[in-house]
Amino acid sequence: MRYAMAIDTRKCVGCSDCVIACQTENNVPLGFCRDWVVEVVDGTYPNVSIELRSERCNHCDNSPCVRCCPTGASHFEEGGIVLVEHNKCIGCGACIQACPYDARYSHPEGYVDKCTFCIHRVREGKDPACVSVCPTSCMYFGDLDDPNSKVVNMLKNRKFKSLAPEAGTKPQIFYLV
Amino acid sequence: MREELFASGRNIPNIDPYLNIWHWQIPIYLFLGGLAAGILFFAGVFTIMGKAHKMPATVKKAPMIVPFALIFGLFMLFLDLKHKLYFWQLYTTIRLESPMGWGAWVLMIITPISLLWCASYIKEFYPNWDWKFKFLNTFEAWVIKNRVIVAWPMTIYAVILGIYTGILLSAFNARPLWNTSILGPLFLVSGMSTGAAIIIMLSDDHKERKIMGRIDILLIVIELFFIVHLFMGFLAGSEAQIDAANLFLGGKFTAPFFTFVVLLGLIFPAVLEIFELKGFKVPIYVPAILVLIGGLIFRFLMVEAGQITRYLY
């Protein structure tokens, strides 16, 4: 089992609903976020192209955050989901330095926090909060090892990219372009 | 033209424009670690070589400050933790993949060794020192008799500690400025150089100062060579690394780096030390203090600049 997400940059309208859904679902403290939307503008008017990307933890296969954690608080759960165990985290910040996506932040309570792929919902068979609220349905969540999953289908039929693959982290969020 | 914007709640003061999670505590911790490693290394090496009697400041005086430096450094690290009450988790896990994990264990080993070393010399400074318990006296007698046995692990762990202060940073591939293996040797040499500076300041013996002065000049030359190497490596690397190097080669860290680290922290003290060896009267405090300040500023700049360098955004 390998959970992954495919996000269609051509369908995304940048409404930030995913951000709000995540903050509500996971009680993210004010002033922080576990996911965010990036708008990339290329060219000059009138020849302009825009790419919108909803970004979050990439739940990398080769996770530098898990590797550098001195206490083992950052660890892999089923399906390759990267989680932080709050009671093991000492708040040293090593994982924050190690993440090329800046997906982690220091929670006001001290521990480090980040996207969990809404593992509590996934275990109940539901989609993560961000995926389930997307008004354009531009996000697909699923198991890469299941040939019938929506993610595999999208990745089979569309061109895609991942973020900063040169960092060597093997990210598992794919952007359909 | 290419422009990247955060359209959502990502533009938050707590996370953007960049995540600066390590503050002034970390460079101080790295500086004290390197300094302690330098002093213990020289104390160990000269003891193993059987020249302890010729180097009183190196072997006896300077190591007295090491336990204080290490404990204060660890306290700095503790201050930087955000989830402080859980710090003991560091010592319930052994994770060799994590530099911070094994570094914490190295400190756990070398701090008691340095305390042992100081305790075995304490009667030379306080002849009336009383250990209160008899077994401590017996233990002290054993250490005094077998200093070489203690010196070996101390020297080896001192080298590991010195390299660790650099590896701690270089293990983060997300920060291109740190992600170079030369940072380990560079921080080791820089730490040894600051250790030598402390020894030179504490020494009353002219011959000892001369030996340490020569060693310090050699270390400074090696350090300069490593710094050139560092930037050569970056400039031959990926775009992220070229951008990282440019912070120091024209960017906003250029002036403090070349003024306080390269010029005042390395070249100028080396020149002063060469003059001193040639027989000119140079107050020995000047080059030593410059080396110490240079080493401290070097760590501040590396920690600060490294957190700005990145792949995305």
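Here are some friendly notes on a predicted model, written as numbered points.

1. **The build of chain B.** Start with the chain's parts: chain B has eleven helices and one strand. Along the sequence the order is β-α-α-α-α-α-α-α-α-α-α-α. The radius of gyration of chain B is 21 Å, close to the 20 Å that the globule rule gives for 313 residues, so chain B is as compact as a globular protein of that length. Its C-alpha trace spans about 75 × 50 × 25 Å along the principal axes.

2. **Inside chain B.** Of its 313 residues, 52% count as buried. Look also at contacts between residues at least 6 apart in the sequence of chain B: 77% of them join residues at least 24 apart.

3. **Where chain B meets chain A.** How many residues does each chain bring to the contact? Chain B gives 41 residues and chain A gives 52 residues. The size of an interface is often given as the accessible area lost when the parts come together. Here the area buried between chain B and chain A is about 4100 Å², and carbon and sulfur atoms give 56% of that area.

4. **Polar pairs and the side of chain B.** Between the two chains, 15 residue pairs are in polar contact, with both residues at pLDDT 80 or more. On the side of chain B that touches chain A, strand 1 (2-6) and helix 4 (99-125) are the elements that give two or more residues. Strand 1 of chain B gives the largest share, five residues. By type, the residues on this side divide into 20 nonpolar, ten polar and eleven charged.

5. **A salt bridge across the interface.** Side chains of opposite charge can pair when their charged atoms come close. Two salt bridges are found across the interface of chain B and chain A. One of them joins B:Arg310 and A:Asp102, with the closest N and O atoms 2.6 Å apart. Are these two residues buried or exposed? B:Arg310 is buried because its relative accessible area, 15%, is under 20%. A:Asp102 is buried too, at 2%.

6. **Salt bridges within a chain.** Over all chains the count is 17 salt bridges. In chain A, A:Arg123 pairs with A:Glu78, the closest N and O atoms being 2.8 Å apart. These two residues sit in distant parts of the chain, 45 residues apart. A:Arg123 is exposed, at 53% relative accessible area, while A:Glu78 is partly exposed, at 31%. Elsewhere in chain A, a network of salt bridges links A:Glu51, A:Arg53, A:Glu55 and A:Lys161.

Note on methods:
Residues numbered from 1 in each chain as written. Chains lettered and ligands numbered in written order. Predicted model: local features only at pLDDT ≥ 70, side-chain atom pairs only at ≥ 80, totals over all residues. Heavy atoms only, no water. Contact = heavy atoms within 4.5 Å. Buried area = accessible area lost by both parts, 1.4 Å probe. Salt bridge = Lys/Arg side-chain N within 4 Å of Asp/Glu carboxyl O. Polar contact = N/O pair within 3.5 Å; in protein donor to acceptor, adjacent residues only side chain to side chain. Helix = DSSP H or I, 4+ residues; strand = E, 2+ residues; numbered from the N terminus. Nonpolar A, V, L, I, M, F, W, Y, C, P; charged D, E, K, R; others polar. Rg over C-alpha atoms; globule rule 2.2 N^0.38 Å. Buried < 20%, exposed > 50% of the residue type's maximum accessible area, 1.4 Å probe, protein only.
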